[in-house]
Amino acid sequence: MILEIKSLSKAFGGIKAVDNVSLRVDQGELSSIIGPNGAGKTTLFNIITGHIAPDSGQIIFKGQDITGLPPYVISSLGIARSFQKVNIFSMLRVFENIQVALLSAHGKGKELFSNAKTLFYRETEEILEIIGLKGYANELAGSLSHGDQKRLEVGIALGGKPQLLLLDEPTAGMSPEDTLDFTEFIRSLAKEKGISILFVEHDMNVVFSISDKIRVMASGQIISEGSPDEIRKDKRVQSIYFSGIKEIKESRPAINVYQEYQSKKINRRSSFLSVKEIDTFYGLSHILFKVSLEVSEGEIVCLLGRNGVGKTTTLRSIMGLVPPKKGRIEFLGENIVGKPAFKIARMGIGFVPENRLIFPDLTVRENLEIAIKDSPKGNNWNIEKVYQIFPILAERQNQKGGTLSGGEQQMLTIARTLMGNPQLMLLDEPSEGLAPIIVNTLYDQLISLKQEGMPILLSEQNFAFALSLSDKAYILEKGKICWSGESSVLKENPAILKQYLSI
Amino acid sequence: MDFLQKTKNFQWILMALSIFFLLAPFILQPGWISLISEIMILSIAACGYNLLMGYTGMVSFGPAGQYALGAYVTGILLVRTSAPFLLAFISGPIFAALVSIVIGWFCVRRTEVYFSLLTLAFAQIIYTIIQKWYSLTGGDDGLVGIMVPSWCSGIHKYYIFTFLIWVISLFCLWKIVNSPFGKVLQGIRENPRRTEFISINVKEYQLRAFVISSFFLGLAGSLYSGFNGSIFPANIDVIKSTDIIVVCLLGGMHRFFGPVVGAFIYIFLNKLIANYTEYWAFVLGTIIIILVLQARGGVSGLLEKIYSPRIIGSK
């Protein structure tokens, strides 16, 4: 046994991110942690590596208590990690990225007058060989493709001569081919180099193909642990991913939604927003591949997909925050690609970002007043009307934004966007981090928005919520639309969901 | 070593400069000699400072503080005591480095703009102490009559002394930025959080860089007090700090010799433009705006782009 965690807990402002977690990792074990967004997986990694101190509990690495030690001490003991978002030394060359890690691992970091250039040349070369980047040794790390940067990320971790390697979503943002390669690479690290690996991953193909052991986390707790076969059969695990769907089938028969959709379809006019084959990049990382979608008047459309498949990027592309390199985006018949975000907002697209960004020191009412904006198409919204939809905001109108709960903040963000009299709203994961009861309220509120005739495009990981709300759905997978159609179809055929969203 | 290309690092500039500097006393007017001395002193300060700004990514707003410590300690020892010159001279940078252990200990506790403001605050404290401690520093009347021994007195002899110190300083700094320690500093500049996860105690390394940088700032100050024969609070105020920062930006902070090139251009521009107009700062300001907006690699980055466009010189 190399790592033992004993009843570890950590709360952030009342929310238990990690709740009494205990686990053991054996020498040479290749195991994974899966679980929905916000389950506490990354927080667990951050605690193990010393980035965050736990509230209680103990972490024992090779028989030594490492709880609360700073990251540089913990990494020197032999725990290395890679990060969810690429975290490399961009302006250094590829070989220097690894050399720095090696220098540090050999305790030479403080040498002032020796020449570093050729130091650990052989070891550097060896790691470059392992991660398959030898041909890029002299390139600037920042100029590598996203997939290669992820490899380098692991290379830096390997430079620290780790006995335990923590990988946080190693294949997120990789193309399907890269993912396949990389999965094999991780397997060989564990099986041939004997490094114990613990990884967090959303791609279930990766998880089930290489893990010796899978742990499932949900709301801060490990709810199941076992071999891939055991996990696949575990009813509790399935319920975590599908809990909502059954519930909504009962409360809102799909047929109603379908009829609603059909009736809408009849008096549907030309499309409101139409995204045509856009390709979007972050730097050199290719994120969206020919994504097309349509939103018609009065329609709610949802974008489904796991973390890191490009849902937010699609919304940001529409909003002009990351302009697509190719393709067209037509809003009310006009191409808006290349327009700055503020102009697109003025044309009538309201964006509700995932991180909410409310003004914490202004009152609820001030938060709303600040956003009042005339629309060229007439002003449908005012504070009173917004309060009708979100009565809780009227109650809280003199309270400071920062003191609201997560759900209230989400409502405030939507309300604030409404004050700008948008023609179309983009919602980025509105239900994220909200308790089920709040999600239900939000559901009703969005339905009443829909009745006002407001078209909405939302991205969601809460599939049940999104499907019962929307008329049309698109499933994104690794930056491509892999399924589109009526939401009711998806709801009635969980098999499709299963196929594209795994589990 | 197939993947280790020879990186171009302006060794040729150093060679050319060294030869030129060596020959200078024989071919140039004394006015020019003193100008070049000033350039060398400023470039030691700027290169030392650049270890912090360009290599570690810590922007200090108060390099004049350490420069002042070096200048005043050497000056005070020479004027008020009978300490031998070399001892007084080396005491300056050592004192600057020692004080910086304390200052740095506080400053590295904060990052980015808070770090910068702390360094500014400490530089102001040093400035105020120097200005008010009349009995020791002479206050606004300055410290005058700083005498150097006969073997280095006079513009030409002091020039040779400055040149020697200049070569030694740049050589040491060159070794440092290319050492394992220097590599780690660059890692910290690129990504402090990541560096922490490869077993680097970031704060400790930042403190070391701060102290080494302070040593060279102090050294430049000591050289200056001997060169000038007197030292005034006006020589070490916040404007001195901006001089040093601007020299790094001007020359290019991502190249080792950037600050040397910067010091050259800065002092020449200063004297040249001052001949035509008193508004030289206006011209300088314009140049800096252009550089920051269009060529963040500074002049050396521009040169490099022209000679080898493949290597990216600026972010």
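This is a predicted model: local features need pLDDT of at least 70, side-chain atom pairs count only at pLDDT 80 or more; totals for chains, interfaces and linings use all residues.
Trainee: What span should the 12 residues of H3(A) have, and how far apart are its end C-alpha atoms?
Mentor: At 1.5 Å a residue, helix H3 (residues 94-105) of chain A should span 16 Å, and its end C-alpha atoms are 17 Å apart, which agrees. Just after H3(A), Gly107(A) has a positive phi of about 65°.

Trainee: Back to the other chain. How many residues of chain B are in contact with chain A?
Mentor: On the chain B side there are 27, in contact with 39 residues of chain A. H7, H8 and helix H9 (192-196) of chain B are the elements that give two or more residues to that side. The largest share, 8 residues, comes from H8(B).

Trainee: How does the side of chain B that touches chain A divide into nonpolar, polar and charged?
Mentor: Its residues divide into 11 nonpolar, 9 polar and 7 charged.

Trainee: New topic, then. At what angle do H2 and H7 of chain B pack?
Mentor: Helix H2 (residues 30-56) and helix H7 (residues 155-177) of chain B pack at about 20°, with their axes 10 Å apart. That angle makes H2(B) roughly parallel to H7(B). Their crossing is left-handed.

Trainee: Which residues meet there?
Mentor: On H2(B), they include Ile33(B), Met40(B), Ile44(B) and Leu51(B). On H7(B), Tyr159(B), Phe163(B), Trp166(B) and Leu173(B) are among them. By class, the residues of this contact are 17 nonpolar, 6 polar and no charged.

Trainee: And what about H12 and H13 of chain B, at what angle do they pack?
Mentor: Helix H12 (residues 258-276) and helix H13 (residues 280-294) of chain B pack at about 130°, their axes 9 Å apart. That makes H12(B) oblique to H13(B). The crossing of H12(B) and H13(B) is right-handed. Leu269(B), Asn270(B), Ile273(B) and Ala274(B) of H12(B) make the contact with Trp280(B), Val283(B) and Leu284(B) of H13(B). That contact has 6 nonpolar, 1 polar and no charged residues.

Trainee: Now some backbone. What is the phi of Lys62(A)?
Mentor: Near 50°, a positive value in a residue other than glycine. Lys62(A) is in the loop between strand E4 (56-61) and strand E5 (64-65) of chain A.

Trainee: Why is Lys62(A) called partly exposed?
Mentor: Because 15 other C-beta atoms lie within 10 Å of Lys62(A), and partly exposed is what falls between 12 or fewer for exposed and 20 or more for buried.

Trainee: Where is Glu169(A) found?
Mentor: In the loop between strand E7 (164-168) and helix H6 (176-193) of chain A. Glu169(A) has a positive phi of about 45° although it is not a glycine. Glu169(A) is buried, with 23 other C-beta atoms within 10 Å.

Trainee: Last one. Is Ser227(A) buried or exposed?
Mentor: Ser227(A) is exposed, with 12 other C-beta atoms within 10 Å. Ser227(A) sits in the loop between strand E10 (221-226) and helix H8 (228-233) of chain A. From C-alpha to C-alpha, Ser227(A) and Ser31(A) are 9.2 Å apart in space, while in sequence they are 196 residues apart.

How values were computed
Residues are numbered from 1 along each chain as its sequence is written. Chains are lettered from A and ligands numbered from 1 in the order in which they are written. Axes are lines fitted to C-alpha atoms, for helices over the stretch in contact, and angles run from 0 to 180 degrees between N-to-C directions. Helices (H or I, at least four residues) and strands (E, at least two) are DSSP runs, numbered from the N terminus. Angles under 35 degrees count as roughly parallel, over 145 as roughly antiparallel, 65 to 115 as roughly perpendicular and the rest as oblique. A crossing is left-handed if the near helix is turned anticlockwise from the far one by less than a right angle, and right-handed if clockwise. Two residues are in contact if their C-beta atoms, placed from the backbone, lie within 7 Å. Ala, Val, Leu, Ile, Met, Phe, Trp, Tyr, Cys and Pro count as nonpolar, Asp, Glu, Lys and Arg as charged, and the others, Gly among them, as polar. The expected span of a helix is 1.5 Å times one less than its number of residues.
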